[in-house]
Amino acid sequence: MNQLKKYIVALTNLYGVVHKEKVMTIYNSQNTAQIKMSEIDQLLNNLPKDLEQAFVMTHGEYFLHEVILEFDEFNILLNKKKDKPHYIPNKNELLKYVDEDYFEKTKAYNKLLNYVKKNFFNGNQEKAEYLLEDIHDTLEADINMQMIFDIFNNQGISFNDMEQANEVIGMIMTFANNIRIWENNGHTPHEIFETYEKPNLKPLPDKAFEINKEKVGRNDLCPCGSGKKYKKCCL
């Protein structure tokens, strides 16, 4: 598989859907030997077997993971990704995504891994990693806690009490907020909130809200504007 194909596979695994212009921009920004759009168009119009085997499909001017076409989610995903910036790792990190099973082992991942290894698998690293791969794949698609609990149940894992269950749930949610997902163009939910949503939040007013302290009599008109007496309305 040549370098351009590796980029297409990696970007498809990272973004789910990637436009041909984005492929060319990222490739040319990270490589001395530049490519032309005609080279990408050739792959779009005649998809090679090795890209198909890497679960890459085409749709118009896009490369996309085959599961998106399988579940008819192309337009849904494009709408979710709309106007969100792309996460672009350096070349070495990006090409790790040629492996469909690759994902970053974050601090949140390691914390959850060490906890389940110690508390549920008697220190068995392999079993703990297998569990977290299942959890990651589920969270990558959707944060569905019932499905997460099903994964624990299938492994024969039960919690000691509600305190332990809540502790694990907290770690899972932190893990989920630090997973790179398709609908965020490869950004984690935490990154999108910090760099894209948080700056647009309106600050709270400097002064506390003032409550109207004027006393309303039982037989006065209700201040809600209903036209009824206060005693027959909001009182």
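**Figure 1. Salt bridges in the predicted model.** A search of the whole structure, a predicted model, returns seven salt bridges. Side chains of opposite charge can pair when their charged atoms come close. The views that follow show some of these pairs, among them Lys-20 with Asp-41, Lys-20 with Glu-61 and Glu-93 with Lys-96.

**Figure 2. Close-up of the salt bridge between Lys-20 and Asp-41.** The N to O distance between the two side chains is 2.9 Å. The pair links distant parts of the chain, 21 residues apart: Lys-20 belongs to helix H2 (residues 20–30) and Asp-41 to helix H3 (residues 37–45). Lys-20 has a relative accessible area of 12% and is therefore buried, the limit being under 20%. Asp-41, at 24%, is partly exposed.

**Figure 3. Close-up of the salt bridge between Lys-20 and Glu-61.** Here the closest N and O atoms lie 3.7 Å apart. This pair also links distant parts of the chain, with Lys-20 in helix H2 and Glu-61 in the loop between S2 and S3, 41 residues apart. Glu-61 is partly exposed, its relative accessible area being 39%.

**Figure 4. Close-up of the network formed by Lys-20, Asp-41 and Glu-61**. Salt bridges with shared partners connect these three residues into one network. Lys-20 takes part in the bridge to Asp-41 and in the bridge to Glu-61.

**Figure 5. Close-up of the salt bridge between Glu-93 and Lys-96.** The side chains meet with an N to O distance of 3.4 Å. Glu-93 counts as buried at 15% relative accessibility, whereas Lys-96 counts as partly exposed at 41%.

**Figure 6. The open three-stranded sheet.** The strands are arranged in the order S1-S3-S2, with antiparallel pairing. Strand S1 (17–19) and strand S2 (56–59) are at the edges; each has a single partner strand, so one side of each lacks a neighbour in the sheet. From one strand to the next, the twist averages 25 degrees.

**Figure 7. Close-up of the pairing between S1 and S3.** S1 and strand S3 (residues 62–65) run antiparallel and are joined by three bridges. Within this pairing, Val-18 stands opposite Phe-63 in S3.

**Figure 8. Helix H6 on the sheet.** Helix H6 (residues 74–81) packs on the sheet and touches S1, S2 and S3. The direction of helix H6 makes about 70 degrees with that of S1.

Note on methods. Residues numbered from 1 in each chain as written. Predicted model: local features only at pLDDT ≥ 70, side-chain atom pairs only at ≥ 80, totals over all residues. Heavy atoms only, no water. Pairing = 2+ DSSP bridges. Helix = DSSP H or I, 4+ residues; strand = E, 2+ residues; numbered from the N terminus. Axes fitted to C-alpha atoms, helices over the stretch in contact; angles between N-to-C directions. Contact = heavy atoms within 4.5 Å. Salt bridge = Lys/Arg side-chain N within 4 Å of Asp/Glu carboxyl O. Buried < 20%, exposed > 50% of the residue type's maximum accessible area, 1.4 Å probe, protein only.
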